[in-house]
Amino acid sequence: ILLEDLDGNYLTRRGVAVQVSVGVAGLGGIDTGSSTSNTWYSVWVISNGSAVYGLLSLSEYEPVLPNGYTYRARVGWIRTDGTVNKYPLGFTQVGRKVQYRLAAGTNVPQFAKLINGSTSNVLTAVNVAASLPPTAGVAKILFGNSVGAVNVIYVAASAASANMDNAAAGGMTYTNNGTALITSAEVILESSNLYFSSGAAQSFLSVIGWEDNL
């Protein structure tokens, strides 16, 4: 990994293996303050020129570095759940691509539905801030009808692209002919909202992951 300080000096470290915890303050934990529930924390690798540690921060740009630690690089995000323990949600990350890791009995037993049901075919803004970190550039989504229903679903990155009714403009259409059908897609984000339209009570929109702007 290539780490950088504020003066533009670089430091290369190989074979990096670090751990971080929301229950720890400083090195190996949160840069300042204590953890809160339902909160995004950026994940950093930091160094003082020799030792290498992990660090969590509310900042997406500049964590509060411990004394003597000047080199840093952001490598991703975690999000705490809503329990009193504030456990991180389960993710799997490969490079810039991240996906929620589903497992029975965990805090991610299924993909969270951002919208579940009909919008009466009215294009509706759906905020994704709880499902995607601030630096996500691409949303990985699932949408469709969970049971058979004749329906047209529209998903778009903005109201403007939706009004153009053109998949190439940043939106996508989905037609269901009466059978249960679910599809996945990737949408380049233009804001903290996605836009969704459906006329069926069984329709839904879920975020399953993202691609980070590292």
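**Salt bridges and their surroundings**

Reply: The structure holds four salt bridges, a salt bridge being a side-chain nitrogen of Lys or Arg within 4 Å of a carboxyl oxygen of Asp or Glu. This is a predicted model, in which local features need pLDDT of at least 70 and side-chain atom pairs count only at pLDDT 80 or more, while totals for chains, interfaces and linings use all residues. Residues are numbered from 1 along each chain as its sequence is written, and side-chain values use heavy atoms, with hydrogens and water left out.

Side chains of opposite charge can pair when their charged atoms come close. One of the salt bridges joins Arg-72 to Glu-62, with 2.5 Å between the closest N and O atoms. This pair links distant parts of the chain, ten residues apart, since Arg-72 belongs to strand E5 (residues 71-79) and Glu-62 to the loop between strand E4 (52-57) and E5. Strands (E, at least two residues) and helices (H or I, at least four) are DSSP runs numbered from the N terminus. Arg-72 counts as buried because its relative accessibility is 11%, whereas Glu-62, at 36% relative accessible area, is partly exposed. In these terms, buried means under 20% relative accessible area, exposed means over 50%, and partly exposed lies in between, with a 1.4 Å probe and protein chains only.

Another salt bridge forms between Glu-186 and Lys-97, whose closest N and O atoms are 4.0 Å apart. Here again distant parts of the chain are linked, as Glu-186 lies in strand E13 and Lys-97 in strand E7, 89 residues apart. Glu-186 is partly exposed, with a relative accessible area of 46%, and Lys-97 is partly exposed with 41%.

Lys-97 also meets the side chain of Glu-211 in a salt bridge, at 3.3 Å from N to O. That pair spans 114 residues and links distant parts of the chain, with Glu-211 in strand E15 and Lys-97 in strand E7. Glu-211 counts as partly exposed at 25% relative accessibility. Through shared partners, these salt bridges join Lys-97, Glu-186 and Glu-211 into one network.

Finally, the wider setting can be described. Of the contacts (heavy atoms within 4.5 Å) with a separation of 6 or more, 68% come from residues 24 or more positions apart. Along its principal axes, the C-alpha trace spans about 60 × 35 × 30 Å.
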